[in-house]
Amino acid sequence: MNFNDSEQQAQFRAKCSAWLQDNAQLKTQVVNHNPHGEPGSQDFLDAARSWQKKKFDAGWAMLHWPKIYGGLEASPLERIIWGQEEVKFNVPQGIYEIGLGMAGPVMMQYATEQQKQRYLPPMAAGEEIWCQLFSEPSAGSDVAGLRSKAVQDGDDWIINGQKVWTSGAQFCDYGIIVVRHDPNVDKHAGMTFFFVDMKSSGIDIKPIKQITGGSSFNEVYFNDVRIPDSQRLGAIGDGWRVAITTLMNERLAVGDAKGVDATEAFEWAQGQDDHGQALIQNRAVRESIADWYCQASGLRNTKLRTMSALSKGDTPGPEASITKVVSANKLQAIGNFGIDSLDMAGMLKTELSDVHDFHNAWLGSAGLRIAGGTDEILKNIIAERVLGLPQDPRADKGLAFKDIPSGR
Amino acid sequence: MNLDFSDDQKFLQSEAQKFLEKEQSLQRSRSVLDAQQALDIDLWQKIIAMGWTGIRIPEQYDGLGLGHLELCVIAEELGRSLAPVPFSSSVYLFTEAIIKFASNEIKQDLLPKLVNGECIGTVAITEQLLAPTAQNINTTAVNNAVSGTKIAVPDAGIATHVIVVCNGETGIELRLVELGDECSIQKQDTIDDSRGHFSIDFNNASSQLLGDQGEGWTLLQNLLDQAAVMFSFEQIGGAQAALDMATSYAQQRFAFGRAIGSYQAIKHKLADMYIKLTLAKSNSYYGAWALSTESVELNVAAATARVSATQAFDYCSQENIQTHGGNGFTWEYDCHLFYRRAKLLSLNVGSLATWKEKLIHGLEKAQPANVNQGV
């Protein structure tokens with residue numbers, strides 16, 4: 001056992017690191033918390049665009065992609081090494097992850113060669129931003145229950161309906177979308193998958209105000225929107241299979257819940273007063289921090305086991321399936337701890353960045369436990385796919401979609 | 001990057017698993033519990049014949065000269081099959097203490113005998129119904145003569161030697177005692193009688209000092225850190241077996257016309273078991289790395305492995321009973337064997353609270369750079 005890179009890996013890491021040092025600032029050197037502007041602002045978007053373009057020009061943007069689309073044909077492990085190095089630097093993140101992580105693979109697998117050459121390089125270069133249009137008001141965890149309608153009209157399809165929870169729709173150029181073309185067959189058989197120009201006429205985008213006060217998600221309304229049949233991905237009726245490929249990529253893209261962790265809780269408890277002594281002296285606090293530290297360490301070492309398998313050319317086991325459910329719950333617990341440690345004053349929003357981080361963790365974690373698969377869905381997946389337990393009996397089995405009870 | 005065992009180590013593990021299955025280790029554990037026998041001599045002899053007692057002992061002393069990682073994979077299998085043998089006392093604790101702290105003379109005498117089973121060792125720490133500390137050890141060592149009473153000593157009924165934590169002339173000492181007439185041994189009933197525990201009265205028992213005078217408490221902590229990693233592998237082996245039992249039962253048992261494993265209440269319970277086990281397993285690998293490389297992080301790595309392995313085995317064994325419903329509460333089903341062993345292992349080198357405290361204490365002592373280790 002060792003944590004060392006092989007000679008080849010070390011060389012690759014050095015190459016990544018050298019380029020990053022020339023082109024970005026280490027997090028430890030950054031004084032200002034948001035050097036790229038408030039996330040969501042135009043400044044931030046511009047900074048993200050220019051960073052993505054810089055990476056693309058050097059080949060780092062989608063390094064695992066084929067060279068003809070702007071990649072480096074890097075191995076999965078090299079991709080992880082790049083990620084480990086990039087995360088040490090303060091770079092604008094959160095704009096491109098969904099497009100590159102979900103739309104990218106689906107276009108790679110299902111688009112025509114001509115389309116790939118047209119769309120993939122600008123996607124990687126950040127010149128065109130992509131979003132994902134799956135969830136609907138009545139189709140969340142049960143995303144196959146979606147109702148947006150597609151009707152064929154000559155060489156076009158006409159789309160009507162509403163999508164929701166679409167990150168970044170307000171500034172996206174293209175989106176991937178799954179819709180229902182036939183409500184008279186089984187629900188999984190009646191769906192078809194497309195990519196759509198987000199500037200098409202009939203698309204109306206309304207931001208959703210979240211409990212954090214921010215608006216990173218949108219409602220997207222489709223009113224007689226035309227999509228050419230040439231933008232269909234997969235066969236008519238194959239929409240669910242294509243969507244599943246995408247959702248698998250989403251789980252990889254979502255990963256760890258970012259924010260305060262055991263180390264920040266530990267450092268905070270060393271500095272915070274608790275009835276005249278340091279909070280870290282409190283037995284209950286020590287036990288809680290020990291729990292979070294063990295979870296954080298367990299996730300870190302789980303990741304290292306996955307990397308070890310990749311490094312040997314093996315297929316990793318299912319162990320990474322625990323990542324999001326553990327990290328989002330840990331984040332919520334740590335957010336609560338930090339706020340509670342201020343006693344009556346914990347209710348106040350302050351400029352103190354530590355307190356700000358605890359507030360963000362407390363609010364944000366409530367969303368992270370839902371996004372990209374709720375705790376409950378993720379536990380179902382572990383139980384069914386990893387442990388091999390049977391599916392729940394389903395009330396919608398063998399019914400045409402139109403006959404499935406909808407509760408309203 | 002390689003946080004995994006080698007192919008040879010995995011082969012050793014799969015051979016160990018096959019051996020313990022063929023020898024019906026789990027059924028033997030039940031028999032030992034039923035008959036209050038303290039151990040299964042026959043299985044222990046076979047384990048000695050396999051050479052496992054000498055894994056870490058250098059070849060010059062007739063051992064196999066292998067490392068801690070080989071010991072960890074064996075530990076996982078002993079845990080999975082609840083083997084009723086004095087392996088952990090004699091190998092993780094006693095043999096390690098002799099290798100690390102004993103004089104060459106003692107090594108030459110004892111190590112070959114530990115390999116061939118002539119010598120079986122254990123460690124005697126606790127004395128009262130509370131956590132042992134450097135301040136509450138009352139067993140004395142005066143002119144090399146040990147006197148006092150130790151309780152909950154594993155495997156003392158079959159052991160030939162014991163390392164006694166004593167209050168010596170300049171503080172805590174570790175002392176080697178050959179069990180003889182000056183030692184009166186009594187079997188004690190425990191929550192898991194598939195593993196024998198005993199009290200020992202020492203009455204001026206002659207002893208030899210291990211390690212430096214007055215350093216005993218520090219040496220003991222290091223010994224326990226090492227052992228905690230190996231015990232964590234026993235714990236994840238046991239937790240995996242409990243999860244496997246629960247999964248298989250949930251697939252086969254029907255209620256209201258469907259397998260109980262199709263209910264989300266059961267699925268989520270089993271997913272939680274898997275989550276805790278996965279965290280524990282990954283942390284145990286980290287502990288194994290720290291142990292095998294003699295890392296300065298061993299104290300933190302061992303505590304991390306210990307805390308999460310204890311949480312995993314406690315939870316998996318307890319929810320395995322719950323998944324089995326009434327059947328899980330019967331003596332006939334194996335669920336309680338895992339429940340008992342889980343609790344025994346969660347106490348034997350210190351409780352969950354003790355190890356959480358060790359973890360935080362380790363973080364406080366570490367340089368900030370060590371605390372903030374992220375990938």
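Q: In this predicted model, how many residues of chain B are in contact with chain A?
A: Chain B has 41 residues in contact with 41 residues of chain A. A pair counts as a contact if the two C-beta atoms lie within 7 Å.

Q: Which elements of chain B supply at least two residues each to the side that touches chain A?
A: They are α7, β9 (258-259), α8 (264-292), α9 and α11 (352-365) of chain B. The largest share, 17 residues, comes from α8(B).

Q: What makes up the side of chain B that touches chain A, by class?
A: That side has 22 nonpolar, 14 polar and 5 charged residues.

Q: Why are α7(B) and α9(B) called roughly parallel?
A: Helix α7 (residues 216-252) and helix α9 (residues 298-323) of chain B pack at an angle of about 25°. Angles under 35 degrees count as roughly parallel, and the two helices are therefore given that name. Their axes are 8 Å apart, and the crossing is left-handed. By class, the contact of α7(B) with α9(B) has 17 nonpolar, 8 polar and 3 charged residues.

Q: What makes α7(B) mostly covered?
A: A residue is buried if 20 or more other C-beta atoms lie within 10 Å of its own. In α7(B), 29 of the 37 residues are buried, and the helix is called mostly covered.

Methods:
Residues numbered from 1 in each chain as written. Chains lettered and ligands numbered in written order. Predicted model: local features only at pLDDT ≥ 70, side-chain atom pairs only at ≥ 80, totals over all residues. Axes fitted to C-alpha atoms, helices over the stretch in contact; angles between N-to-C directions. Helix = DSSP H or I, 4+ residues; strand = E, 2+ residues; numbered from the N terminus. Parallel < 35°, antiparallel > 145°, perpendicular 65-115°, else oblique. Left-handed = near helix turned anticlockwise from the far one by under 90°. Nonpolar A, V, L, I, M, F, W, Y, C, P; charged D, E, K, R; others polar. Buried ≥ 20, exposed ≤ 12 C-beta atoms within 10 Å, placed from the backbone.
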